[in-house]
Each structure stands twice: as C-alpha cells, then as structure tokens.
Amino acid sequence: MYKAINHDELNLRGAYPEVAPLVRLRHIAQQLRLFRPRLNRSDQAGNLLTRYRGRGMNFEEVRYYQPGDDVRSIDWRVTARTGKTHTKLFQEERERPVVILLDLRAPMFFGSHNAFKSVAACSIASALSWAGLQHGDRIGALLFSDAGVETVRPRRSHHAVLATIHGMVETATALNTPIAADDSQPLSALLEEARRIARPGSALFLISDCHDLDESCEQALYLLTRHADLQVLRITDPLEQQLPEAALTISDGKQRTFLGKNSALRRVFARHQKKVREQTTQLCRRLRLPLVDFDNTQPVVPKLLSVYGDRQLASAGGAK
C-alpha cells in the first residue's frame with residue numbers, strides 16, 4: 001500500500017526550482033512506471049528482458065546439450081529421464097539506461113500562472129529520474145542551455161539523480177529572460193548530442209516546449225529512434241496559444257509596447273501558434289513518437305500519474 005502523499009506539497013511554483021522540492025518528488029516514484037516490461041537491447045544486468053540467452057533469473061526452455069554450452073546448466077533430471085544430455089536456457093535480465101533530455105533554454109523561462117515552464121520541466125525530469133532509479137535503471141541527463149549542454153552520464157545510483165537535480169537547478173537559476181540570445185543553440189544540437197551518448201536500447205525523454213522541434217530536427221530524431229526509444233513531453237503555457245481579450249502591455253525586457261483590443265492580431269497569433277503545435281504533432285506522428293502535453297499552469301504530479309501511473313499502464317496492458 002502506498003503512503004498517502006499530499007500532491008500539493010509536490011507542486012513546484014514560481015520562476016525558479018529548488019533542490020529540496022525536487023528531491024521530495026521521489027515519494028511518487030513507486031507509483032510511476034516509465035514503460036511496460038518489454039524486450040531490451042542494452043548490455044548490462046537489470047530488470048528488463050532481452051533476446052539474448054544466457055545465465056539469468058528467468059528460465060526459458062530445455063533443449064539438447066550442444067558443444068560450448070555451460071555444463072553448469074545441464075538439466076540432470078531431464079537427462080536421466082530421456083537418456084540424452086539436455087541443458088537449460090535462461091533469458092538474461094538487462095537494465096535500461098534512461099536519459100532525460102531537458103531543455104532549459106531562454107524560452108522556457110516563462111509562465112503566466114503556477115510555475116514557469118522551466119520549473120515544470122525540472123519537476124517532470126526529477127520525477128521520471130526517481131521513477132527510473134526506483135525500477136533499477138541507470139539514470140543520466142543532458143541539460144540543454146543557451147550556452148551549451150551539460151552531460152550527466154547514466155548511472156544507477158542516488159548520486160546520479162542528485163547530480164541531475166543540482167545541475168538542472170543551477171542551469172534553470174541562471175535564466176533571467178525568455179528572449180533567446182542570437183547565438184542560442186537550436187534543439188537539433190541537443191538531439192545530435194543525445195545520439196552521441198545514448199546507447200542502443202536507451203529510453204530517452206525529451207522535455208521541452210518544442211518551439212523549434214520542427215523539420216530541422218527530423219533527421220536527428222529519426223537516427224535516435226533507430227536504436228533508442230524516445231518520448232516527447234511538451235510543456236505549454238495557455239497564454240502562448242491564445243492571447244487574452246484584455247488590453248496588455250508587453251515587453252521584451254528592452255522595449256515596452258501597448259497591445260490593445262485588436263482581435264485581428266489575436267486571431268493571427270492564435271493561428272500561428274496552432275500551426276507550430278500541429279507541425280510538432282505531425283512530426284511526432286510520422287516518426288511514431290509518443291507525445292505527451294503538459295500545462296505548466298497546472299500541477300504536474302496528477303498528469304504524471306495519469307500517464308505513467310501503475311494503474312494506467314496496467315489497464316493499457318490489459319486492454320492490449
């Protein structure tokens with residue numbers, strides 16, 4: 001039975017994340033399951049099954065002994081009963097590297113209610129990291145800022161998760177404007193870096209507002225998905241999709257202007273944002289990438305439980 005958890009205490013708010021609340025998200029790790037049991041292609045010992053046959057916990061079959069088989073696996077009972085030497089085959093258990101691709105560039109430093117997109121992204125990344133560790137996976141991360149990429153190599157330890165949390169807090173705290181610098185790195189650069197460290201069989205979670213997840217990323221995404229499983233978690237603020245009817249004063253930090261009740265401008269803005277979102281959706285659909293939408297004005301824990309909660313995955317597996 002799970003310990004009762006007050007989800008309000010796990011809801012991060014404001015413009016900047018803090019280490020302690022991100023560490024507390026480990027309390028929901030037992031309730032999250034990042035993926036259903038499936039065949040894996042990685043090379044280390046762990047909880048997932050692979051096509052490789054060898055010594056492990058799960059018995060698969062008995063067959064005739066063949067030269068080169070491990071004599072320790074001979075099934076003496078079957079051998080005695082049949083008069084011919086038989087050996088047992090096992091299915092190895094393998095762990096899966098889980099790598100969080102966290103976008104903490106300038107456009108993530110925005111939010112109209114509850115939390116900035118960068119804070120919501122850190123909350124999701126922390127919860128998924130704790131969940132992966134809870135299920136015996138190795139946890140790593142790529143923290144993507146305007147200046148470059150910080151890499152946390154996948155390891156199966158609390159230290160890896162804590163290093164990821166401290167790294168994301170430091171990167172997010174350095175943000176001070178939602179306006180991207182002229183030399184800001186595109187999302188495609190993060191995906192290219194992910195290809196460098198992601199081993200075959202890895203599970204990748206891209207957490208971003210996806211404002212530039214467009215055709216320039218398609219080749220990198222395609223190459224990533226050839227040997228790794230990638231999920232896209234898109235964070236959006238409602239104000240980025242539809243401007244309110246009330247008059248607004250807007251600023252880019254340098255200049256300020258008054259935005260009156262110009263309905264035509266609002267319609268153009270809404271159509272453009274809808275088109276950008278639809279392009280991202282179509283891209284993910286072409287590459288068969290799961291796309292999960294998050295609203296940073298809402299607490300992320302209920303959404304995480306609705307997508308990755310044990311009951312939801314069990315129901316999906318039973319319905320399959």
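1. Start with the largest pocket, which has a volume of about 860 Å³. A pocket here is an open set of points on a 1 Å grid over the protein atoms alone, where a 1.4 Å probe fits, with protein on both sides within 12 Å along at least five of seven lines; lining residues have an atom within 4 Å of a point. The volume is the space filled by probe spheres set on the points. Keep in mind that this is a predicted model, where local features need pLDDT of at least 70, side-chain atom pairs count only at pLDDT 80 or more, and totals for linings use all residues. Residues are numbered from 1 along each chain, and side-chain values use heavy atoms, without hydrogens and water.

2. The pocket is lined by 30 residues, with Phe110, Leu239, Glu240, Phe269 and Gln273 nearest its centre. Helix 7 gives the largest share of that lining, seven residues (helices are DSSP runs of H or I, at least four residues; strands are E, at least two).

3. Now the inside: the largest nonpolar core has 50 residues, and Leu102, Leu128, Ile207 and Leu304 have the most contacts within it. Such a core is a set of buried nonpolar residues (under 20% relative accessible area, 1.4 Å probe) joined through side-chain atoms within 4.5 Å. Helix 3 (residues 117–134) supplies the largest share, 11 residues.

4. On to the rings: there are three aromatic pairs in the whole structure (centres within 6.5 Å; planes under 30 degrees apart are stacked, over 60 edge-to-face, the rest tilted). Phe205 and Tyr308 pair edge-to-face, 6.2 Å centre to centre with 75° between the planes. Phe205 sits in strand 7 and Tyr308 in helix 8, so this pair ties together parts 103 residues apart in sequence.

Terms used. Phe/Tyr/Trp six-rings, centres within 6.5 Å; stacked < 30°, edge-to-face > 60°.
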